[in-house]
Amino acid sequence: MKKRQVVVRKRTQGLARDAIITRPSSSVRYAECQKNHAAGIGGYAVDGCREFMASGGEGSEDALACAACGCHRNFHRREVETEVVCEYNSPSYDYSRR
């Protein structure tokens with residue numbers, strides 16, 4: 001699994017102390033089908049479907065069936081890409097007030 005971290009620095013006036021806000025976001029992609037079609041006869045055979053494509057629109061029952069191989073989405077390898085975004089607010093310091 002590939003992880004990356006993005007740090008965003010943001011300055012705001014009037015903040016007395018440091019504040020760090022972290023928001024993780026992730027996207028899920030379903031890759032090749034891993035269903036063993038020959039399990040009933042004691043063998044191992046996959047159909048060669050390389051990527052999940054939903055048969056129907058989001059929220060329908062067909063959204064969980066692959067248009068290419070007809071298998072349920074759970075038979076496809078799941079890839080999760082996670083991105084962590086950190087926002088850091090540094091304290092402002094007034095140099096004129098010495």
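Biologist: What does Arg77 form with Glu32?
Modeller: A salt bridge. The closest N and O atoms are 2.8 Å apart in this predicted model.

Biologist: Which strands do Arg77 and Glu32 lie in?
Modeller: Arg77 is in strand 3 and Glu32 is in strand 2, so the pair ties together parts that are 45 residues apart in sequence.

Biologist: Which salt bridge does Arg77 form with a Glu at 2.9 Å?
Modeller: The one with Glu79. That distance is between the closest N and O atoms.

Biologist: OK, Arg29 next. Which side chain does Arg29 meet in a salt bridge at 2.5 Å?
Modeller: The side chain of Glu79, with the distance taken N to O. Arg29 lies in strand 2 (residues 19–33) and Glu79 in strand 3 (residues 76–89), so this pair ties together parts that are 50 residues apart in sequence.

Biologist: Zooming out, how many salt bridges does the structure hold?
Modeller: The structure holds 4.

Biologist: Which residues are linked in a network of salt bridges?
Modeller: Arg29, Glu32, Glu51, Arg77 and Glu79.

Biologist: Why can such side chains pair at all?
Modeller: Side chains with opposite charges can pair when their charged atoms come close.

Key:
Residues numbered from 1 in each chain as written. Predicted model: local features only at pLDDT ≥ 70, side-chain atom pairs only at ≥ 80, totals over all residues. Heavy atoms only, no water. Helix = DSSP H or I, 4+ residues; strand = E, 2+ residues; numbered from the N terminus.
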